[in-house]
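Keep the structure open while you read.

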Amino acid sequence: MPTQKDTATDSAAEAAQSGPLHPPPIALLDKYKGQEFESIYSTVVTVSGGEAEHGRASGVARSDDGNLNVQLRLPTALGGGGGGTNPEQLFAAAYAACFHGALNLLAAKRKIPVHDANVQMSVVFGRDPVDGLFMLTADVRIHLPDVEKSVAEELVRSTERFCPYEKMARNGITSIVALAS
């Protein structure tokens, strides 16, 4: 039997498919006062190996709802042929989209117009000098044309504290790695 949350999610999905696009409600900014993590949305993306049996080199990433279906390819800088997207691009897109959305929510609540705002995300895959293996770095550049500099700086700092991707980059993420049975 569907729960109220499932029904609301289904209704939101139907509305998004049939009507004009709208930003999320400002009510998402309301502070949560619970004692435990409360899930609001979840998704599952599965990556398979493809022709080279290697997710990064020839994989396919598919979401459980079918809205994401991406061919993954190893970039030429890593010895691949390119011709598709890669995990760093997907991460950069997700991080930038989340930051942009958080920025716009905070601006809307404060009634600050941020027309033509954009977030440029640079993600670099490289060698970690600590363990000799790999790490990522991220550089976020926010463009807020026509917003006074002091107001823009305050808005960006507030977004840094609010955006879940920025919090993850700064504080880490709860991650459970387990072999599926």
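At the start of α3, the backbone nitrogen of Glu88 has a side-chain oxygen of Asn86 within 3.1 Å. This is a predicted model. The points below follow the helix from its ends to its surroundings, then turn to the sheet.

**Helix α3: span and ends**

- Helix α3 covers residues 87-109, which is 23 residues.
- From first C-alpha to last, α3 reaches 33 Å, close to the 33 Å expected at 1.5 Å a residue.
- Just after α3, Lys111 adopts a positive phi of about 60°.

**Helix α3: buried residues**

- Glu88, whose backbone nitrogen takes part in the contact with Asn86, is itself buried.
- Other buried residues of α3 include Ala92, Tyr95, Ala96, Cys98 and Phe99.
- Further along, Ala102, Leu103, Leu105, Leu106 and Ala107 are buried too.
- An α-helix has 3.6 residues a turn, so residues three or four places apart point the same way.
- Which elements cover the buried residues of α3? Among them are the helices α2 (55-58), α4 (149-162) and α5 (164-171). Strands β4 (118-127) and β5 (134-143) also contribute to this cover.

**The sheet**

- Three strands make an open sheet, ordered β1-β2-β3, with antiparallel pairing.
- β1 (45-48) and β3 (69-71) are the edge strands; each has a single partner strand, so one side of each lacks a neighbour in the sheet.
- From one strand to the next, the twist averages 15°.
- β2 (residues 60-63) pairs with β3 over three bridges, in the antiparallel sense.
- Ala61 has Val70 in β3 as its bridge partner.

Notes:
Residues numbered from 1 in each chain as written. Predicted model: local features only at pLDDT ≥ 70, side-chain atom pairs only at ≥ 80, totals over all residues. Heavy atoms only, no water. Helix = DSSP H or I, 4+ residues; strand = E, 2+ residues; numbered from the N terminus. Expected span 1.5 Å × (residues − 1). Buried < 20%, exposed > 50% of the residue type's maximum accessible area, 1.4 Å probe, protein only. Contact = heavy atoms within 4.5 Å. Polar contact = N/O pair within 3.5 Å; in protein donor to acceptor, adjacent residues only side chain to side chain. Pairing = 2+ DSSP bridges. Axes fitted to C-alpha atoms, helices over the stretch in contact; angles between N-to-C directions.
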